[in-house]
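User: Could you take me through this one slowly? I am still new to reading structures.

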Amino acid sequence: MGKANPLMPQTVTVLDITTETPDVKTLRVAGKEGIPFDFMPGQCAMLSVPPVGEAIFSITSSPHCRDCLEFSIKRVGDVSGVLHELVSGRQLGIRGPYGNGFPVDEMKGKDLLFIGGGIGLAPLRSLIGYCFANREEYGHIDIVYGARSPADLVRKSEIGETWPEQPDSTVYLTVDAEFPDWSGHVGFVPSYVSELAFTPENRIAVTCGPPIMIKFVLQALEKLNFAPEHVITTLEMRMKCGVGKCGRCNLGSVYVCKDGPVFSLAQLNELPSEY
Amino acid sequence: MSAALNDPATGWEPLIVAFCCNWCSYAGGDLAGTSRMNYPANVKVIRVPCSGRINPMFILRAFQRGADGVLVAGCHPGDCHYSTGNYHSRRRLSAFKRILEFVGLEPERFEVRWISASEGDKFAEEMEAMTGKIKALGPNRKMRDARWKSKSLSKQLK
Amino acid sequence: MKKLLLKEKWPELWALLAHEGPLYLPVEEGSVVLYQLWQEGVKVNLEAVNSTVSPKDIFLPREETYLRYSCQGEMLDLEDVESDEPIIAFALHPCDLKAIEMIDRVFLNQDPPDALYKKRRENTTVVALACRQPDPYCFCGVFGIDPTDAPGADVMAYLTEKGLLLEEQTAKGKILLEKAAPLLEVEADETNITVDVKTQDFGLQVEGLPEDLQERFNDPVWDDLFRSCLGCGICTYVCPTCYCFDVEDYGHEEGGERFRCWDSCMFGHFTQMAGGHNPRPSRKERVRQRFMHKLCYYPETYGEIACVGCGRCLRSCPVNLDIVQAIKALGGEKVG
Amino acid sequence: MEEQISEQTVKVKKAVSQDLLGGRIDLLLGWEKGHYWWQSRPLFARSEKDLERLVWDSFCAVNLSRYLQDELKENKKIGVLVKGCDARAFNRLLQDRIVERERVILYGLPCPGMLDYARLTEEGGSDLEGIIEQDGTVILQTKEENKEMPREELLLARCRNCMHPDPVVYDQMLFTPLGDRERPEHFKAVEELERLSADERYTYWEKELSRCLRCYACRQVCPYCSCLECFVEQKSPRWQGRAYQPSENFMFHLVRAYHGTGRCIDCGECERVCPVGIPLMELNRKLIKDINELYGHYEAGLDPEQEPPLLTYRPDDPAAFSEK
C-alpha cells in the first residue's frame, strides 16, 4: 500500500504520549515492525490525522532507535492540536522521510557545538543521539540549550542526566529570565553562546530554534569567527507534498522539503531570504 | 440519522435541523416535551442563544450534510431577550430565504417561525407541519455534498 | 500518411472515442472555452485558439481524490483510490503540450515521480491540433514554439476546409487512428495544411533573462510591479505551466477522503504557517515568487523559461498584470 | 470621439498634475494603456514622468478605489480618478471605515460606460484592428470594411445596467455630469430566472457555478469584500472546503453574494473579472431586488449616511416567511 504514490501514508500506532512542557508533547509511534522507514537525523515526516489533515514534523528520535519514531510536537495549529489529543493505541498516518538531513559525514572528526532553543531541540536531539551512538567518530560535543522558562525545557531527563554523563561532552542550559526554582544560567541563548566564547577551530555549529533566536545565534557565531560553511541550521516552512512539487516551500529554485531543511549558513547566504 | 433511515429504498425519513433560540423556541420545545405533546422524531434541535445568532453558513452546512429541511425558530418580534435580535434576523433570513429559493431550493425546505416559551403546542404543530411538507417533497439533494456519509448510529449515540 | 475526417463525421468520432473512455475536448459555454468531457449536446469548438483555462487539468485535475480513510475505534484504515481509465485529450494546441512537457519535468522526471500524474499521463492519448491563425494574445514565438507542430503528441491534427487531417506520431496514436479507421478517408491533397503562423512578440527578448534575474531578488522593480495585483488566482489557474497544489481532507472522524486540488502562490494562506509566520506576507512577495518562478527559478533547474506564450494571463488578468508586463518591467526587451 | 477622449485625457492630466507635483497628494491612482488598444490598466503615478502615461478612455474599467485600503498604509494622501461606480465603491469603503475621507482626493469622471472587447469582436470579428468613437457611435475598423454601431450596444454588461454614471462623491468634477439614467431592464435577467421552476433554477446554477475555479477574483475586486479574514480562509470552523463540488460552489457563491446584501453597489466588477463567465450579478441583483421589495428602495454607495438595510429594522417589517 502506498508504495507507488508518494502522497500515500502508511499507518503507525501511537505507543505513548509524554507531556514535555505546557505546549509540547512527545509522541512515540511505530508500525508493525518498529520504525516504518529508515531515516537520517534532520529528516522529517508527514503525520496525518484525518479529517484534520497532514503536517510535517521533524523526527526527534535517533536513527539507531529501531523500535519507534519520536516526535516532539509543539501545539501551534490544527494538526499539532489534534496530535496532542491522541491517546496511546490510536493509529495515525505517516509518510516520509523527507529532506536531506544533517551532514553527519562532513561532521566526522570535528568538535560539535549544538545550539537549541525551545522546541528547536526536536531535530537536534535526533542528531545528538546519532553522534553519541557513534561517539568515536566525533570530537568534543557542546550542547547549549535554552527556553523561556525552566518549564519550557524539553527532554529534561536527557538534557539533565543522559547527555552530561556522556564522555567528552558538556551541556549548558539557560532560561530567558530568573525563576524561583532555577539556579542555572539566566539569559538568552545567543548571548550565552557569546559568553561561552566557543572557538571556531575544527568545530561545526548546528543551531535550531525560533527564527529570532537563530538570527541572533548566527550573528554571535559570526562574531566568534565561525565560517558560514561550518554553521548549520534547519528551516521550517509550510509543506503539503514533501517531495518538491506542491510549490510552497521554495527559496528560489531550492525546495526546503527535499533540498533542505538542513542548510549551512553559506548556502543560506546564496538563497533568497524568504523564510 | 442512520444510513438506513436516510435511504429511500428502506423507508426514507426526512431529517430536519431546527435552530431554536434559547429563550423562547427551545423552551417552547421543552414545554412540548414536558407536556407530552407528540412531534416527529425527525427534527434535530440545535440550541442557539438567539435567532440573530444564525449565520447563513449554518443553514448551508446543514443542507450540505444531509438536512432535508432547516427551520430557524426564535422569539416573536418584540419579545427578543436581547431586545432586537429577531428584528435583525427577520430581515437577514428573509433575504437569505429568497436567495436560497433563487438558486433552486424549494421554499418549504427552509422556514423561519416565531415560537414563544409558552407555545409548546405551536412548536409541536410546526414540527409536524414541516415534517409533513418535507415528506411530500422527498429527500433533498440540492446543495448536499455527495461525499458526505452519515456517521454510524453507535457513534452518534455516544 | 495523413487521413481525413470530414467535418460532418466529427460527432461520430467524438461518440466513438468517448465510448473508449473519457474524451476531453474544447467545449464552448457562452464566452468561455474549456476542455471538458464530451457528451451528447456539448458545443465543441475546434476553431478557438486558446481555451480560457489551459487543458492541464486533464493531467492535473482541479481536484483528485487519492485516499479513503475509515476509522474504527483506535484503528485507522487507509485505502488507495486509483483510477485506470484510458483518457483521450483532443485538440490540444502545441503551446499547451509544450507546457505539459514542462510539468512533466517536475512531476515525472524528478524523483519521486508523482504517481497520480504519471498514471494520467501514461493513460492518455493526446491528439494535438496545429494552429492556423494566432489569437491576438498569442506570443509563443518568443519561446521558439512552432504553433503548427507538437512533437509530444500521439496524433497530430490539422484543420482544413474539409475537416481534420490526422497523422499518427506514436504507437498510441496508431491505435487511436485504427479505431477511428471506418470514419477516415485517405487524403490525397496534403499540401497547404500548415500555414506560417506568425505570433506577435511585444518586442520581448528573453535570452539571458533567467541568469540576469538570479541577482535581482531584491531589485527595486518588485517594489512597484506588484501594486496593481488584486491578489486573485486567475493567472495561476488559467496558466498552462502552473502546477501548485494543496492537500485537504473531507469527512469526519469515522471516515472520509483525502484529495489534492489546485492552489495558487498568489494567495496569502499558501505559505502561511500554523504558528502564524508567513514567509511571503504580502502581494509583493507573492507576485515576485510567481514571476521569479516562471522566469528564473524554473529555468535555473530545467534550462527553460516556464512560459509558452499562450496569452491566457494577458486575456484574463483583470488589471493586465501579466507575464509580458513583468518581462518588460524586468528589462526583457529588445534593444533599440 | 478619439479626439475628444484624448482631449479629456489632457484635461485630466492637467487637473491632477497640479496636486501631484505640488505635493498635495503623494500618489495618484489612474489608468494607463496596457499592451492592447482595448486594455487600460491601473497606473500608480508619483512623478511627472508617470503622469505622461495617464489615459482616460473607453477601457478604464478597473475600479481604483479598491487599492485605497492597501495604499493608504504607505501614503499620507492619495488622489483617485473615480467613475460613477468607483465613487459608490469609495462610499462603501467610507461606510465600513476602511478609508478616511480627508486622506483622499477624488477627481470625478462622469462615465459614458466602458466598452467590452468581447462585444467589439463579436460585431467586428476577431481581427478587429481598432475603433473610432464619434458621439454615441463606434466605428469598428476591420480588415475589409468599417462597421458603425451605437456605442450603447457595445458596452460592458455592467455599464449597460448603470444608472448613476456620475460620481456621487468627489472633490473636483472634471467634466459635465451626464445625469442619471433609467434602466428598465436592470432586473430582467433576475426576473427571467424567477419565472423558472425550482429544479430548473437549481440545474442552471449548478451548471454555471461548476465552472468556478475558486480564483476569488470576484472577491478580491469587490469594494464590499474588505474583511481582514474572509470566511473562505477561516480555519475553525472551516466553512469553505477547497473541493470543486457543487456543495462547495454553492457555499462560496451564496455566502459571497449574501455578504453583499444591502452593500453591493451594483458595479458589476465581479462579473467582469470572472474568467469563466459566471453571471454573478444575477445573484447580487436578486438580493438588491428583494431588499428593495421588502424593506424599501436602497442603493448602496449612493449616500454613506443612509443606514444599510441589514443594519437596521422596523418593528413592522414584512418577512419572506409566514409569521403566523
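User: What area is buried between domain 1 of chain C and domain 2 of chain C?

Analyst: In this predicted model, the area buried between domain 1 of chain C and domain 2 of chain C is about 2200 Å², and carbon and sulfur atoms give 59% of that. Buried area here is the accessible area (1.4 Å probe) that two parts lose on being put together, summed over both. Residues are numbered from 1 along each chain as its sequence is written, and chains are lettered from A in the order in which they are written. Local features need pLDDT of at least 70, side-chain atom pairs count only at pLDDT 80 or more, totals for chains, interfaces and linings use all residues, and side-chain values use heavy atoms, with hydrogens and water left out.

User: OK, and where are those two domains in chain C?

Analyst: The domain assignment, which is automatic or from a database, gives domain 1 as 3–58 + 84–186 and domain 2 as 209–249 + 263–329. Their centres, taken over C-alpha atoms, are 27 Å apart.

User: How many residues of each are in contact?

Analyst: Contact, meaning heavy atoms within 4.5 Å, involves 24 residues of domain 1 of chain C and 25 residues of domain 2 of chain C.

User: And how many salt bridges are there between them?

Analyst: There are four, where a salt bridge is a side-chain nitrogen of Lys or Arg within 4 Å of a carboxyl oxygen of Asp or Glu. Arg105(C) forms a salt bridge with Glu304(C), and the closest N and O atoms of this pair are 2.6 Å apart.

User: Changing topic, what does Phe110(B) touch?

Analyst: Leaving aside residues up to four places away in sequence, Phe110(B) touches several residues, including Ile59(B), Phe63(B) and Leu105(B).
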